[in-house]
Amino acid sequence: MKYEICEFNEGDPRWAEVVGFFDRHCSGLPEFVDGYDQRDSRVLVANTRGAILGVLRLIVIPIGPEDDLPSVRIDGEEVLQGKIKDFFVFPEFRRRRIGTSLQEKAIELAKSLGCRQLVSFSYSHSRENHALKLQMGRGAA
Ligand SMILES: CC(C)(COP(=O)(O)OP(=O)(O)OC[C@H]1O[C@@H](n2cnc3c(N)ncnc32)[C@H](O)[C@@H]1OP(=O)(O)O)[C@@H](O)C(=O)NCCC(=O)NCCS
């Protein structure tokens, strides 16, 4: 199946479709994710012309405050990280490397946004997410 992964934003003609997908499969798409000193928010979408197959949302936050610590700084400059807040592939399309492609694109995007690291959180029962991260050579957390 031919699909592409692109960044979508509010100006995109398919934005309402993306928001609907987040409403149905993630916990919605609020502009600001509660509890974070959010500097940016980006949405990657795996899609064909007719359907959304999966999504990933990355926010940019400073390193430190999330753990109630002062911001990490280098030469006075705050050090930023990317954090993956939503990551979902529609069940019918799983095990076709779509999740991996979304993660690879997120790594590129985080680098382009000046992030020093990319982190994500998943619950211990999320076996497929842990398996994917290990398969990509990242620590499962
Ligand atoms: C996690 C998720 C996004 C993975 O998407 P995906 O497109 O199926 O992932 P990929 O096809 O890229 O998987 C890559 C590798 O990860 C591992 N993997 C993925 N799903 C797996 C599963 N159910 N069991 C074992 N290994 C799995 C495999 O090594 C797989 O490679 P392989 O198919 O060649 O064996 C998807 O399962 C999902 O949406 N799950 C529910 C939501 C979720 O848990 N989100 C993350 C936490 S917020």
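Q: Where does the ligand sit?
A: The ligand sits in the largest pocket. A pocket is an open set of points on a 1 Å grid over the protein atoms alone, where a 1.4 Å probe fits, with protein on both sides within 12 Å along at least five of seven lines. A molecule sits in a pocket if more than half of its atoms lie within 2 Å of the pocket's grid points. The model is predicted, and local features need pLDDT of at least 70, side-chain atom pairs count only at pLDDT 80 or more, and totals for chains, interfaces and linings use all residues. Residues are numbered from 1 along each chain as its sequence is written, and side-chain values use heavy atoms, with hydrogens and water left out.

Q: Which residues that surround the ligand are the closest?
A: The ligand is surrounded by 18 residues, and the closest are Phe87, Val89, Arg97, Gly99 and Thr100.

Q: Which elements give two or more residues to the shell around the ligand?
A: They are strand 6, helix 2 (98-112) and helix 3 (127-135). Helix 3 gives the most, with six residues. Helices (H or I, at least four residues) and strands (E, at least two) are DSSP runs, numbered from the N terminus.

Q: Why is the pair of Glu17 and Arg14 called a salt bridge?
A: Their side chains meet at 2.8 Å, N to O. A salt bridge is a side-chain nitrogen of Lys or Arg within 4 Å of a carboxyl oxygen of Asp or Glu, so the pair meets the cut-off. The structure holds nine salt bridges.

Q: How do you know that Arg14 counts as buried?
A: Its relative accessibility is 18%, and buried means under 20% relative accessible area, exposed over 50%, and partly exposed in between (1.4 Å probe, protein chains only).

Q: Which distant parts of the chain does the pair of Arg39 and Glu78 link?
A: The side chains of Arg39 and Glu78 meet in a salt bridge (2.7 Å, N to O). Arg39 is in the loop between helix 1 (15-25) and strand 2 (40-47), and Glu78 is in strand 5 (residues 77-78), 39 residues apart. Arg39 counts as partly exposed at 39%, as does Glu78 at 25%.

Q: What makes the pair of Lys83 and Glu66 a tie between parts of the sequence?
A: The closest N and O atoms of Lys83 and Glu66 are 2.4 Å apart in a salt bridge. Lys83 lies in strand 6 (residues 80-89) and Glu66 in the loop between strand 3 (52-62) and strand 4 (73-74), so the bridge ties together parts 17 residues apart in sequence. Lys83 is buried at 9%, whereas Glu66 is partly exposed at 29%. Elsewhere, salt bridges that share partners join Asp37, Arg39, Arg73 and Glu78 into one network.

Q: Why does Arg57 count as buried?
A: Because its relative accessibility is 2%. Arg57 lies in strand 3, and its side chain reaches the backbone oxygen of Pro30 at 3.1 Å. Gly54 also lies in strand 3 and counts as buried at 0%. Gly54 and Gly99 are 45 residues apart in sequence and 7.4 Å apart in space, C-alpha to C-alpha.

Notes. A residue is near a molecule or strand if one of its heavy atoms lies within 4 Å of it. On a 1 Å grid over the protein atoms alone, a cavity is a set of points where a 1.4 Å probe fits but cannot get out, and a pocket is an open set with protein on both sides within 12 Å along at least five of seven lines; lining residues have an atom within 4 Å of a point. A polar contact is a pair of N or O atoms within 3.5 Å; within protein, one must be able to donate a hydrogen and the other to accept it, and residues adjacent in sequence count only if both atoms are side-chain atoms.
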